[in-house]
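Please look over the sequence and the structure below before reading on.

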Amino acid sequence: RTKQRGRHGYTLFNHELRRNQADQLALEAELRHALENRHELVPYYQAIVDSHSGKLAGFETLVRWHHPQRGLIAPGVFLPMAEESGLILKLDRYMIEHACAQLAQWYGSGRIDHAVCLHINLSSAHFHDPGLVGWLQELMQRHALPVGTLHLEITESALIDVPDVAIEVMRQLKERGICLALDDFGTGYSALSYLHRYHFDVLKIDQAFVRDIHCHEESSAIVRAILALAAALGLDVVAEGVETMLQVQTLRQLGCPRLQGYYFARPAPAAELDWPRLAGMQQELAHAGDG
Ligand code: C2E
Ligand code: MG
Ligand code: MG
Ligand code: MG
């Protein structure tokens, strides 16, 4: 590793690598700590909207790390490390626990009704956790969450190297009334047969296609194709990353049933959700006409 010939390029590269590894190790230790000092990890919630009525249809939970020194850290920065270190198992369970308690509180107070569901991102690492299904069932019972209110989002790319055991876990989840959503659909190179094999309920169209829906012919063609496929298979669809009224109108014209993105709401902590805004989306979409 310290070979002479590497003096210039190689050694520098290694130095850089070590520094990064040190950074990674520090971050890992800090995340371990954060999982004990739990207030550092905060669930944010982003609205999912019925594209026809403008009604609130659900929330997706997204993790944020309020680091005492480094400030707010986005999941893209620490999730790869959490996956590699196995800390993702603890992190996801923590998020699920909090989000379920929050959902039960919203239901209990009449803030939302049972038609509003909760989407939670789940790492594929959990497919190797034999305790997951029982743990989730117990959690749903504890909070009296009805069947169909919990959706687990699994990214399409996570399914590529998943063993057959995943199919069994997913079957058991469905048996207990937990819905499955395929996240970032269209980017993971998965065979379409996966849709059938894994019993998904919802497809989430990746934001890349939504972003380019007006600039690239292929993107709108792909969105059309996904919607046709979902309709044929009886799957619900959420378009991610909806930022403009023009995108809203186009997606409504194409018949995309659900929308999510900054146009409606940014992810926010539970206490900072803009409920009047969420209620006002119905009127806004009504006035937008059929698009
Ligand atoms: P995702 O599940 O596909 O979530 C959507 C991402 O798009 C989120 O990024 C969200 O903040 C962002 N987003 C939402 N609306 C818009 C929009 O209109 N425009 C743009 N440009 N972006 C939008 P975020 O929060 O940084 O999360 C990134 C990814 O990290 C998520 O992608 C998900 O795969 C993963 N993730 C987040 N929280 C968790 C978690 O608790 N557990 C696990 N296992 N993964 C998580
Ligand atoms: Mg997601
Ligand atoms: Mg996504
Ligand atoms: Mg994503």
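**The ligand and its pocket**

In this predicted model, a polar side-chain atom of Gln46 is placed 3.0 Å from a nitrogen atom of ligand 1, a polar contact being a pair of N or O atoms within 3.5 Å. An N or O atom in the side chain of Arg64 lies 2.8 Å from an oxygen atom of ligand 1, while in Tyr262 a polar backbone atom is 2.7 Å from an oxygen atom of the ligand. On its own, ligand 1 has 810 Å² of accessible area, and the protein covers 82% of it, areas being computed by the Shrake-Rupley method with a 1.4 Å probe.

Local features here need pLDDT of at least 70 and side-chain atom pairs count only at pLDDT 80 or more, whereas totals for chains, interfaces and linings use all residues of the predicted model. Residues are numbered from 1 along each chain as its sequence is written, chains are lettered from A and ligands numbered from 1 in the order in which they are written, and side-chain values use heavy atoms, with hydrogens and water left out.

Ligand 1 is surrounded by 23 residues, the closest being Arg64, Asp92, Asp183, Glu243 and Tyr262; a residue is near the ligand if one of its heavy atoms lies within 4 Å of it. By class, this shell has 9 nonpolar, 6 polar and 8 charged residues, where Ala, Val, Leu, Ile, Met, Phe, Trp, Tyr, Cys and Pro count as nonpolar, Asp, Glu, Lys and Arg as charged, and the others, Gly among them, as polar. With 4 residues, β2 gives the most to the shell, strands being DSSP runs of E with at least two residues and helices runs of H or I with at least four, numbered from the N terminus.

The space taken by ligand 1 is the largest pocket. On a 1 Å grid over the protein atoms alone, a pocket is an open set of points where a 1.4 Å probe fits, with protein on both sides within 12 Å along at least five of seven lines, and its lining residues have an atom within 4 Å of a point. This largest pocket holds about 970 Å³ of space, and among its 36 lining residues Glu60, Leu62, Asn121, Asp183 and Asp184 lie nearest its centre. Its lining, too, takes its largest share from β2, with 5 residues.

**The second largest pocket**

About 300 Å³ of space lies in the second largest pocket, where Lys55, Leu56, Ile112, Val116 and Gln282 are the closest to the centre of the 15 lining residues. Here α10 (275-287) supplies the largest share of the lining, 4 residues, and the lining divides into 8 nonpolar, 2 polar and 5 charged residues.

Terms used: A polar contact is a pair of N or O atoms within 3.5 Å; within protein, one must be able to donate a hydrogen and the other to accept it, and residues adjacent in sequence count only if both atoms are side-chain atoms. A molecule sits in a cavity or pocket if more than half of its atoms lie within 2 Å of its grid points. Grid points are joined across faces, edges and corners, and a volume is the space filled by probe spheres set on the points.
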